[in-house]
Amino acid sequence: MSKLFEPYQLQTISLKNRIAMAPMCMYSAEDDGMVTPFHVVHYATRAAGQVGLIILEATGVLPEGRISNKDLGIWDDVHIEGLKQVVDGMKAYGAKTAIQLAHAGRKATVEGEIYAPSAIAFNDAYKTPTEMTLNDIEKVIEAFKQAAIRAEKAGFDALEIHGAHGYLISEFLSPATNKRTDAYGGSQENRYRLLRQVIDAVRSVWDGPLLVRVSAEDYAENGTTMDDFIVFSRWMKSQGVDLIDVSTGGVVQANINVFPGYQVPHAEAIKHGAGIPTSAVGLITTAIQAEEILQNNRADLIFLGRVLLREPYWPLHAAKELGEEVTPPTPYVRGW
Ligand SMILES: Cc1cc2nc3c(=O)[nH]c(=O)nc-3n(C[C@H](O)[C@H](O)[C@H](O)COP(=O)(O)O)c2cc1C
């Protein structure tokens, strides 16, 4: 039996395999953050393709925290019903479901004021953000908490906090973007404070599986490093985080050398350095490559991004390649 098709127990939920769909913005929501029929079809199709865990794209916990005005929203109860339809579509095909709760910080491109730990623009094309007051920070923490309550009402099995890619939480974690001199800036412990408070707020209303996505390497001078993230991940583990979804980059624009599995060493270092389950993501496209990562205990789950946009039935190809019997739920997919 392959590792890729071995079930995985993620806290209280059982995943039928180790294949997860990485969160990917589809820029297809209504301007007010509402789900459209596209989302129902898009996510249910990957569920029919036998993806074990599907993580919905970055979904704004506040309207000013969206990357674009076509992002999904979860800042109001009005969003619950649409999200529930997306969840029901995925569940009908046997996938476990998660949603990425997000705030874009200085990388928001929406109308009006945008917010960040310090008043430094991402680049010339972006607005200069307003440095957040302590009240602004409290508002964000409360927004993550309310979003978690709404996600539970929509029926999600798991939650992921977006702490990566140079968005708000990542901006607080990184000394490259956090120049604050108060309790939220400076030392590792201070830069971690917002994430800690967000995790605590979410955990106060959510007992289920909790994932956090991080950028374990900023690729920036004076940015965060793997060593920082091993420390942060130990803290996250002690706060009841179940799995770290390990990505890299995004806090500054950097030309980095990407190649198949380029982020796997980060997932491996955090898994062993902090003693917490991790997922690996980034140019993982073949069953053999995914299987190698799991067999060598370098990560616990395989997150797939673009390959699942191109090929929603990727797990069925992978099953054939690894000699596994996997029966898709619909005659249409079975005949493929
Ligand atoms: C179209 C697109 C949208 C993305 N949106 C998100 C997102 O909403 N949240 C996130 O954390 N990462 C996002 N990512 C990054 C992916 O989750 C993933 O980490 C990245 O694409 C690398 O994996 P891959 O090589 O398998 O595509 C996005 C990537 C793409 C291609």
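Helices (H or I, at least four residues) and strands (E, at least two) are DSSP runs, numbered from the N terminus. Keep that in mind as you open the model, which is predicted: local features need pLDDT of at least 70 and side-chain atom pairs count only at pLDDT 80 or more, while totals for chains, interfaces and linings use all residues. Residues are numbered from 1 along each chain as its sequence is written, and side-chain values use heavy atoms, with hydrogens and water left out.

**Stop 1: the annotated domain**

Select residues 3-322, listed by UniProt (unreviewed entry) as "domain: NADH:flavin oxidoreductase/NADH oxidase N-terminal". UniProt positions follow the numbering used here, feature names are shortened, and annotations may be inferred rather than shown by experiment. Over this stretch the chain is 36% helix and 17% strand, and the end C-alpha atoms are 10 Å apart.

**Stop 2: the ligand and its shell**

Now click on the ligand, which sits in the largest pocket. A pocket here is an open set of points on a 1 Å grid over the protein atoms alone, where a 1.4 Å probe fits, with protein on both sides within 12 Å along at least five of seven lines; lining residues have an atom within 4 Å of a point. To sit in one, a molecule needs more than half of its atoms within 2 Å of its grid points.

Show the 15 residues around the ligand (a heavy atom within 4 Å). Pro 23, Cys 25, Gln 100, Leu 283 and Arg 306 come nearest.

**Stop 3**

A side-chain N or O atom of Arg 306 is 2.7 Å from a ligand oxygen. For Arg 213, a side-chain N or O atom is at 2.9 Å from a ligand oxygen, and for Gly 305 a backbone N or O atom is at 2.9 Å. The protein buries 82% of the 610 Å² that the ligand exposes taken alone (Shrake-Rupley method, 1.4 Å probe).

**Stop 4: the annotated binding sites**

Select Ala 58, Gln 100, Arg 213, Gly 305 and Arg 306, a UniProt "binding site" (unreviewed entry). The lining of the largest pocket takes in these residues. Gln 100 is in strand β6 (residues 96-102).

Finish with Tyr 27, His 162, Gly 163, Ala 164 and His 165, also given as "binding site" in the unreviewed UniProt entry. Of these, the pocket lining includes Tyr 27, His 162 and His 165. Tyr 27 lies in the loop between β3 (19-21) and α1 (37-48).

Notes. A polar contact is a pair of N or O atoms within 3.5 Å; within protein, one must be able to donate a hydrogen and the other to accept it, and residues adjacent in sequence count only if both atoms are side-chain atoms.
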